[in-house]
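Okay, everyone, thanks for coming. Have a look at the sequence and the model, and I'll walk you through a few spots.

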Amino acid sequence: MRILKYIFDFYIQSSLHVALAVYALIRITFFKLNISYDESVAYFGFFGTIVGYNFIKYDELARVKKIKLTKTFKAIIVLSVISAIATFYYFLELKTKTKLIGFGALLLTILYTLPFFPHRTNMRNWSGLKIYLVAIAWVGVTVLLPVLNADMDFSIIVILKCMQRFFFVFVLMLIFEIIDLQFDDLKLHTIPQKLGLNQTKNMSYLLTLVFFVLDFFKPNITFQQLVITFLVALILFIFTFYADSKRNKYYTSFWVESVPFFWLVLLLIFS
């Protein structure tokens, strides 16, 4: 049982779970926009997420705090190095215009983690900025990358998909901020810190509704597609409703980050 827990914790701590969530969202974009499966985009998003998230999570621990290299930490470093090589390989497979978005995501990760400006902290610690940066980055990787690499025009459907994906990720991040309310530094000025728990949940419910309603503006939307989006919105609503600072770390790091899998499974079932 202890071995299973160690494997599960490594799966979470090494960012494999969040990387699979990004992969699922890319696959959802393929489904929604009728784009043929593109291995280079899908794996660039998957491996790039492992590298980016592990760099964000562990850079300061290794570079500043000089924490002891445990077996788990060493394994995460090995996984990150392998993922970095794979990311570079699939980056070279992307089209030139798509590489610009990929490079932009890399630059955002570096700025997010390292203090580039004198007497300023990194972007991660800028008041209230984190949630917007993450949502924008996820839209870029999970929507814009597949669209650009498929040479699709920026039609109303693509624009609506970008908006919908932004609100989807934003709601997920609000749940994270609610759970982390008791741990976050007050200087971060997160939305729950500024609005309080109830108002933040009300905001999340409203954005979840917007996420669902945006489907009605898409041309040729089917009843089946509306049902799938409604079920995803319902899942978001339930996770928001039960979110509070007393939930354990797995509530967000596993269950909330599993919502993209639920969405992809629904698409596969109904398709």
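Leaving aside its neighbours within four places in sequence, which residues is F168 in contact with? Those would be L25, F211, V232, L236, V259, P260 and W263, where contact means heavy atoms within 4.5 Å.

Quick housekeeping before I go on. This is a predicted model, so local features need pLDDT of at least 70 and side-chain atom pairs count only at pLDDT 80 or more, while totals for chains, interfaces and linings use all residues. Residues are numbered from 1 along each chain as its sequence is written, and side-chain values use heavy atoms, with hydrogens and water left out.

Back to F168. Together with W138, F211, V259 and W263, F168 has the most contacts inside the largest nonpolar core, which has 70 residues. By nonpolar core I mean buried Ala, Val, Leu, Ile, Met, Phe, Trp, Tyr and Cys residues joined through side-chain atoms within 4.5 Å. Buried is under 20% relative accessible area, exposed is over 50%, and partly exposed is in between, with a 1.4 Å probe and protein chains only. Two or more residues come from each of α2 (16–32), α3 (39–63), α4 (71–93), α6, α7, α9 (197–213), α10 (223–241) and α12 (259–270). Helices here are DSSP runs of H or I with at least four residues, numbered from the N terminus. The biggest giver is α7, with 15 residues. In soluble globular proteins, nonpolar side chains tend to be buried together.

Now α9. That helix has 17 residues and reaches 24 Å from its first C-alpha to its last, close to the 24 Å expected at 1.5 Å a residue; the expected span is 1.5 Å times one less than the number of residues. Its buried residues include K201, Y205, F211 and F212, and the buried set packs against α7, α8 (191–195), α10 and α12.

Is D215 buried or exposed? Buried, with a relative accessible area of 0%. The side chain of D215 meets that of K218 in a salt bridge, 2.8 Å from N to O, and K218 is buried too. A salt bridge here is a side-chain nitrogen of Lys or Arg within 4 Å of a carboxyl oxygen of Asp or Glu. Outside the four places either side in sequence, D215 also touches K32, Q164, I221, Q225, L226 and T229.

How many salt bridges does a search of the whole structure find? Five. One of them pairs D151 with K97, with the closest N and O atoms 2.8 Å apart. D151 sits in the loop between α6 (130–149) and α7 (156–179) and K97 in helix α5 (residues 96–113), so this pair ties together parts that are 54 residues apart in sequence. Both ends are partly exposed: D151 has a relative accessible area of 44%, and K97 has 39%. Another salt bridge joins R247 and D244, at 3.9 Å from N to O. R247 is partly exposed at 34%, and so is D244 at 24%. Shared partners link K95, K97 and D151 into one salt-bridge network.
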